[in-house]
Amino acid sequence: MNKKLLKEYKNEFQFTESLVGAMGTIISQKEDKDYLCFKTIYKIKEHNELVVSAPDPNYHSYGLPGYNGAEIRAITEKYGHLVEETIEEQRVPIIMIIEKDLLEILREKNIEITKVLLDELKITYTECYGTFNIKSITEDFPCFNSFFNSLNKWREETGRATIDEQIIDKELDRCLEDKSNIKKKAIRYV
């Protein structure tokens, strides 16, 4: 992996159980609470949504909620017209970081994990389709910065994108010994 490529993908990491387990261990120690970090799926339930259809110069619709007449005309002229369409249920794989107690409450009450629930409870997560982006995770938990910086340094030195398990373990040990990051949680602005 060349330096330009590394810089472009420095926030992208290959999913491994070892890496996600290390993240859970780090955050639990640094925040002094039991956290779980794991891969799961959230659902976006079937819903209706305004979507832009193919351009139709004869279409003139006014009164759509949230848009005034001028906005609708501009959208129609440039992109087509807005129609309400049913969007099927979607299942999105994610890496989620959650307090163990909160997860137990959700499980006890059989509450399904949805995007709305994650956002409302301000639970840290990122989509994971084989790889995941650490940007939002490190914003919420800055204590991960040194861990991922060290892993990126190793990737740059070796030219490899996939990280060996023993390298993850070594960086985990180093990070756990570093007491300078304890309890420095960022405020997440939503």
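Glu-139 is partly exposed, with a relative accessible area of 43%. Here buried means under 20% relative accessible area, exposed over 50%, and partly exposed in between, for a 1.4 Å probe and protein chains only. The model is predicted: local features need pLDDT of at least 70, side-chain atom pairs count only at pLDDT 80 or more, and totals for chains, interfaces and linings use all residues. Residues are numbered from 1 along each chain as its sequence is written, and side-chain values use heavy atoms, with hydrogens and water left out.

Glu-139 forms a salt bridge with Lys-135. The closest N and O atoms of this pair are 3.1 Å apart. A salt bridge is a side-chain nitrogen of Lys or Arg within 4 Å of a carboxyl oxygen of Asp or Glu. Glu-139 and Lys-135 are 4 residues apart in helix α6 (residues 135-140), so about one helical turn separates them. Helices (H or I, at least four residues) and strands (E, at least two) are DSSP runs, numbered from the N terminus. Lys-135 is partly exposed too, at 46% relative accessible area.

The whole structure holds 7 salt bridges. One of them joins the side chains of Glu-99 and Lys-33, at 3.7 Å from N to O. This pair links distant parts of the chain, 66 residues apart. Glu-99 lies in strand β5 (residues 90-99), and Lys-33 in the loop between α2 (17-31) and β2 (35-44). Glu-99 is partly exposed at 30%, and Lys-33 is partly exposed at 42%.

Arg-160 and Asp-164 form another salt bridge, with their closest N and O atoms 2.7 Å apart. Arg-160 is partly exposed, with a relative accessible area of 36%. Asp-164 counts as partly exposed at 23%. Elsewhere, salt bridges that share partners join Lys-43, Lys-45 and Glu-112 into one network.

Strand β5 also holds Arg-91. Arg-91 is exposed, at 51% relative accessible area. Leaving aside neighbours within four places in sequence, Arg-91 is in contact with Ile-41, Tyr-42 and Lys-43. Contact means heavy atoms within 4.5 Å.

Now turn to the helices. Two packed helices are described by the angle between their axes and the distance between the axes. The axes of α2 and helix α7 (residues 145-158) come within 11 Å and cross at roughly 150 degrees. Axes are lines fitted to C-alpha atoms, for helices over the stretch in contact, and angles run from 0 to 180 degrees between N-to-C directions. α2 and α7 are therefore roughly antiparallel to each other. Angles under 35 degrees count as roughly parallel, over 145 as roughly antiparallel, 65 to 115 as roughly perpendicular and the rest as oblique. Leu-19, Ala-22, Met-23 and Ile-26 in α2 meet Phe-147, Phe-148 and Leu-151 in α7.

The largest nonpolar core has 29 residues. Such a core is a set of buried Ala, Val, Leu, Ile, Met, Phe, Trp, Tyr and Cys residues joined through side-chain atoms within 4.5 Å. Among those with the most contacts inside the core are Leu-19, Met-23, Phe-147 and Phe-148. The largest share, 6 residues, comes from α2. Phe-148 is in contact with Phe-13, Leu-19, Met-23, Ile-134 and Thr-138, leaving aside neighbours within four places in sequence. A second, separate core of 13 residues includes Ile-94, Leu-117, Leu-118 and Tyr-125.
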